[in-house]
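Let's take a friendly walk through a protein model. Have a look at the picture first, and then we'll go through it piece by piece.

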Amino acid sequence: MKILLINDDGYGAEGITVLADVLRKHHEVWILAPSENRSGASSCIIMNRQLPLRKKAVNEYALDGTPTDCVLCALKGDLFPSKPDVVFSGINKYGNLGTDILYSGTCAAAKEATLQGIPSIALSVEPVSANGNERFDYESLALFAEKNMNVLVGLCTDKTFLNVNAPSVLPYAGVQFASLSKRFYNDKVNIIIKNDEKVYSTCAGGAEVSFEGDTANDSLLVKKGYVAISSVYAEPVADLSLCAKSTNQFVL
């Protein structure tokens, strides 16, 4: 297959490098990734300036833009010999679970590729912690993606992408299809007045992330050691029950 790799951690990040090395053994791999870390960029598109694009190797580029910019550049910019058969976004450092998807540049890239008509899969790993250190196992998820390529692509549709999360603990407990969890970040915003009398707002991380959901939610499954696979709509989904309600309460 012809595979396009994109991420939000940036060109040269360990996750995308490991994934490329594994997939190149049996597939043609192209890369177009942000030139720097764009984690949390969501579906941002930079529209007010020209974006420097640097060729790093044959069919490998770094773009000074967001993950969504990278998708649009790759699929509409005639950089590569043809359209890819599939887009993989990642492997992301840290999971993209449940409501993380709203903020994730990794998932935004997969979403945009789906909107552009290409089967797309987001890949992320949760770390294992020991003695205050975090370890990320990218290779095991990369091997899982390579071994199950046809199955994963077959699960994609013209309206949905796959969001795949795995722990860094081996062996995996198994593979489960997952619902999406609601996550609580316990973060806060600090308002600071500095010596120049300017006011600054800084979003600060909170304590350990907590979550809630049913017994098949992605956060819980990954915590139990499973590879969690969720099918996520790329397009916004409206509550159609509202269409059956009266609009008499509005005043024109």
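Predicted model: local features only at pLDDT ≥ 70, side-chain atom pairs only at ≥ 80, totals over all residues.

The cut-off for a disulfide is 2.5 Å. A disulfide, by the way, is a covalent bond between the sulfur atoms of two cysteines.

So what's the disulfide count here? It comes to zero. Cys107 is in no disulfide either: the nearest cysteine sulfur belongs to Cys156 and is 13 Å away. Both cysteines are tucked inside, with Cys73 buried at 18% relative accessibility and Cys107 buried at 2%.

## Rings that pair up

Next, the aromatic rings. The model has five aromatic pairs. One of them joins Tyr61 and Phe80 edge-to-face, with 5.7 Å from centre to centre and 80 degrees between the planes. Tyr61 belongs to strand 4 (residues 60-63), while Phe80 is in the loop between helix 2 (67-76) and strand 5 (86-93), so this pair ties together parts that are 19 residues apart in sequence. Tyr61 and Phe80 are buried. Ring pairs also bring in Trp30, linking it with Tyr61 and Phe80 into a cluster.

Another edge-to-face pair is Tyr103 with Tyr185, at 6.1 Å centre to centre and 80 degrees between the planes. Here Tyr103 sits in the loop between strand 5 and helix 3 (105-115), and Tyr185 sits in the loop between strand 11 (182-184) and strand 12 (188-193), so the pair ties together parts 82 residues apart in sequence. These two are partly exposed: Tyr103 has a relative accessible area of 46%, and Tyr185 has 24%.

Now for the inside. In soluble globular proteins, nonpolar side chains tend to be buried together. In this model, the largest nonpolar core has 33 residues, and those with the most contacts inside it are Leu5, Phe88, Ile121, Leu123 and Leu141. Helix 1 (residues 14-23) gives the most to this core, with six residues.

Which residues of helix 3 are buried? They are Gly105, Thr106, Cys107, Ala108, Ala109, Ala110, Glu112, Ala113 and Thr114. That makes nine of the 11 residues, so helix 3 is largely enclosed by the rest of the structure. The cover over these buried residues includes strand 1 (2-6), helix 2, strand 5, strand 6 (120-126) and strand 9 (160-167). At the start of helix 3, a side-chain oxygen of Ser104 comes to within 3.1 Å of the backbone nitrogen of Thr106. After the helix comes Gly117, which has a positive phi near 90 degrees.

Helix 4 (residues 138-147) has seven of its 10 residues buried, so it is also largely enclosed by the rest of the structure. The buried ones are Tyr138, Ser140, Leu141, Ala142, Phe144, Ala145 and Glu146. At the start of helix 4, a side-chain oxygen of Asp137 reaches to within 3.4 Å of the backbone nitrogen of Glu139. Ser140 is buried at 15% relative accessibility, and it touches Leu170 and Tyr172, not counting residues up to four places away in sequence.

## A stop at a loop

Last stop: where is Ile45 found? It's in the loop between strand 2 (28-34) and strand 3 (53-57). At 38% relative accessibility, Ile45 is partly exposed. Not counting residues up to four places away in sequence, Ile45 touches Thr66, Thr68, Asp69 and Leu72. The C-alpha atoms of Ile45 and Thr68 are separated by 6.2 Å, although the two residues are 23 residues apart along the chain.

Definitions and conventions
Residues numbered from 1 in each chain as written. Heavy atoms only, no water. Phe/Tyr/Trp six-rings, centres within 6.5 Å; stacked < 30°, edge-to-face > 60°. Helix = DSSP H or I, 4+ residues; strand = E, 2+ residues; numbered from the N terminus. Buried < 20%, exposed > 50% of the residue type's maximum accessible area, 1.4 Å probe, protein only. Core = buried A, V, L, I, M, F, W, Y, C linked by side-chain atoms within 4.5 Å. Polar contact = N/O pair within 3.5 Å; in protein donor to acceptor, adjacent residues only side chain to side chain. Contact = heavy atoms within 4.5 Å.
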